[in-house]
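This briefing concerns the structure shown below.

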Amino acid sequence: MESIIERITRGHFWTFHGGVHPPEQKKLTSATPIKQLSLPKQLILPLQQHIGREGKLLVEVGDKVLKGQALTSSENPMAVPIHASTSGIVSAIKNSIIAHPSGLQSLCIFIDVDGKDTWIEREPCTDIDNLSQLDLIKKIADAGIAGMGGAGFPTHIKVNNNEPVNFLIINGAECEPYITADDLLMQEQSEKIVSGIKLLEKLLTPSFILIAIEDNKPNAIKALQDATSTFDRIKVCVVPTKYPTGGEKQLIKILTGQEIKSGSLPIHAGIVMQNIATCFAIYDAVFNDTPLLKRVVTVTGQALTEPQNVWALLGTPVNFLLNAYGAQRQQLTDQQNHQAVIMGGPMMGYSLSSDIVPIIKTSNCILVPNKTEMPSAFDSESKEVECIRCGQCSDVCPSNLLPQEMQWSAKAKDYAQLEKLNLSDCIDCGACAYVCPSQIPLVHYYRIAKAEIREQKQLDLKAEKAKIRFEARKLRLEKEKVARQEKHKKAAAARKAAMNKATPEAAGAKSAVAAALARVKAKKAAKDSNQTTDTTSQGSQTESSNAATNSDDDQKSQVAAAIARAKAKKKLKAEALNKTSTELDSKTTDTDTADINDIGKHSVASKTTSSQQASTDDKKAKIASAIAKAKAKKLKNSVETSTLDEIDKEVVIEKPVNQDAKKAKIAAAIAKAKAKKKLKDEQTDSSKNISAKQPDEST
Ligand code: SF4
Ligand code: SF4
């Protein structure tokens, strides 16, 4: 069976499904050599110019930078650094419009060019053989090289591969109309491109290297054939011109007959593909220690007076290019109003929303057509009509997709259905839109849908990562808890075992533990006590109060008993006094009456004798006093005796209660008795006097 190499050597290739043959329009720029563009006044360098992540900023506003100086670092493998394309001063770091179909803004470094084009110090390599694979990969990574065919995938990742490589394919097809940048580069820099290819060979060690060039580039084919004539394993493959031959999967199919399935990568089939311009950049990076600072850009279109391929510094604003190559200003203004400046070719390119967007690593063409060559670019209103289900789009789709169904799903935002229809295999070639009779901008719908799906996937990925982090943390905490518990168990067992040993140390440890336990208990008790302070203090107060109350009650009861006894005694005394008084009254009624009469008489006499000296009330009081004295006189002996006896008894009874009080009472009783006795004597005397006076008065 004929091998692939034999087939290629004989010029027999496979073909891919679909494809179109649009007008090439390459002669506008293919006949003139690449020009060196003069320095612009300002460069605008987006931090991200590739697929992946932007690097970390290394400069600040006001920094002076040299040509080739790194402006960002690539700490992440998917981050590719950018460099100052010429010397100057960083005038701003801010968001600015970048080359994107949606007019997206991104962080950019603005450099005011000083015009000196001063290089940073470089170390060109003269002995490539002494460089290891890692050295080569590092040089490629540090140079900030990303796929220059349009995809922008970081080159250092693509070449850092451990899988066996059968074919290294160098893509020089450049199938899109108008674009001739790779064609001219191959014509002018074939030797350096081949040197770059040899470096890739060192890294990937492929079985064969195939350089694919469309048959519409005879000069480039010749240049490469000449440059590779001494290398047996490098084949220049002249493939038929058909759009999009330059597509990765399509070119692999043409050269090897292999189809890369959906979701699979070329490396899985033992194939790696690199672009012609990327090979030149690798050469420059490794041999000249020159990072990726410039690229060939086809500035073309019939609206330009001088279409041209040009070495443009990365960061050069598009309007600077257009001014340099004679865009017909009035026409350009009209075109700008209608978004007729196209970044890329007519098939895969997109209209720019502003002409100040900069050239980046993946920019290969600026197309400025006039109304005749591309009238659709000047249409202010869409001429899109309903799909007529003609099926032409499916016929030309190189990825064997169903473009008409995909556009319906894209319009309906049915992303699940788009996934089923393998939207991700669409290479945005635009062949379907090119043939669509309904003028449906099919690629436009696919790009929007892809961007939204990508965004949704990123959100899902973030959520998934957050979930994984949460689960991992939970698991870690659980493990730590179990380990802690295990450790405590072991420590407790060890302590117990140590204390159970019959040694002085164990005894000491036991007592120490006991002491510690006691301390803990005491602490706990103190704590409990503190917690119940209020209750306890209240209880204590109540108890004290109760005790005091009890004591008071005892005393009170004793006092009450004494009072009761005293009252009883008083009552007894009063009864005795009443009894005596009654007896006395009955015995002395006559006497009393006589006495009273006597007193009355005496009183009258006294009144008569001294009526002007005393008031009637005084006299009455004197009479009452005299009557009382008379009554008391009759009580004298019996009362005196009984009273004294009772006082003695009272003293005896109350003595235990309060000796001093009793003594005082006794003294008072004695004094009272004495007073009574004295009163009695006085009354006796008084009665004698009254009796003595009465006859005198009655007479
Ligand atoms: S080419 Fe256009 S009109 Fe025809 S089926 Fe496809 S989308 Fe519809
Ligand atoms: S743009 Fe996509 S759907 Fe349309 S032809 Fe190309 S690959 Fe197929």
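In this predicted model, strand S14 (residues 342-343) and S15 run antiparallel and are joined by 2 bridges. Across this pairing, Met 343 stands opposite Tyr 350 in S15. Both strands belong to an open sheet of 6 strands with mixed pairing, in the order S1-S13-S12-S16-S14-S15. The edges of that sheet are strand S1 (35-36) and strand S15 (350-351), each of which pairs on one side only.

**Strand S12 and its neighbours**

- Strand S12 (residues 294-300) is largely enclosed by the rest of the structure, because 6 of its 7 residues are buried.
- With strand S13 (residues 308-313), S12 pairs in the antiparallel sense over 6 bridges.
- Lys 294 stands opposite Leu 313 in S13.
- With strand S16 (residues 365-367), S12 runs parallel, and 3 bridges join the two.
- In this parallel pairing, Thr 298 stands opposite Cys 365 in S16.
- Strands of a sheet pair through backbone hydrogen bonds, in either a parallel or an antiparallel sense.

- Strand S4 (residues 64-65) and strand S6 (residues 88-97) run antiparallel and are joined by 2 bridges.
- Val 65 has Gly 88 in S6 as its bridge partner.
- S6 also pairs with strand S7 (residues 105-113), in the antiparallel sense and over 9 bridges.
- Asn 95 stands opposite Leu 107 in S7.

- Ligand 1 sits in the largest cavity.
- The residues around ligand 1 include the cysteines Cys 387, Cys 390, Cys 393 and Cys 436.
- Also around ligand 1 are Ile 388, Arg 389, Gly 391, Gln 404, Pro 437, Ser 438 and Ile 440.
- By class, the shell around ligand 1 divides into 7 nonpolar, 3 polar and 1 charged residues.

**Cysteines and disulfides**

- A search of the whole structure finds 0 disulfides.
- For Cys 175, the closest cysteine sulfur is that of Cys 429, at 8.8 Å from its own. A disulfide requires two cysteine sulfur atoms within 2.5 Å, so this separation is too far for a bond.
- Cys 175 has a relative accessible area of 14% and is therefore buried, the cut-off being under 20%.
- Cys 125 likewise counts as buried, because its relative accessibility is 14%.

Note on methods. Residues numbered from 1 in each chain as written. Chains lettered and ligands numbered in written order. Predicted model: local features only at pLDDT ≥ 70, side-chain atom pairs only at ≥ 80, totals over all residues. Heavy atoms only, no water. Near = heavy atom within 4 Å. 1 Å grid on protein atoms, 1.4 Å probe; cavity = no way out; pocket = protein on both sides within 12 Å on 5 of 7 lines; lining within 4 Å. Sits in = over half its atoms within 2 Å of the grid points. Nonpolar A, V, L, I, M, F, W, Y, C, P; charged D, E, K, R; others polar. Buried < 20%, exposed > 50% of the residue type's maximum accessible area, 1.4 Å probe, protein only. Pairing = 2+ DSSP bridges. Helix = DSSP H or I, 4+ residues; strand = E, 2+ residues; numbered from the N terminus.
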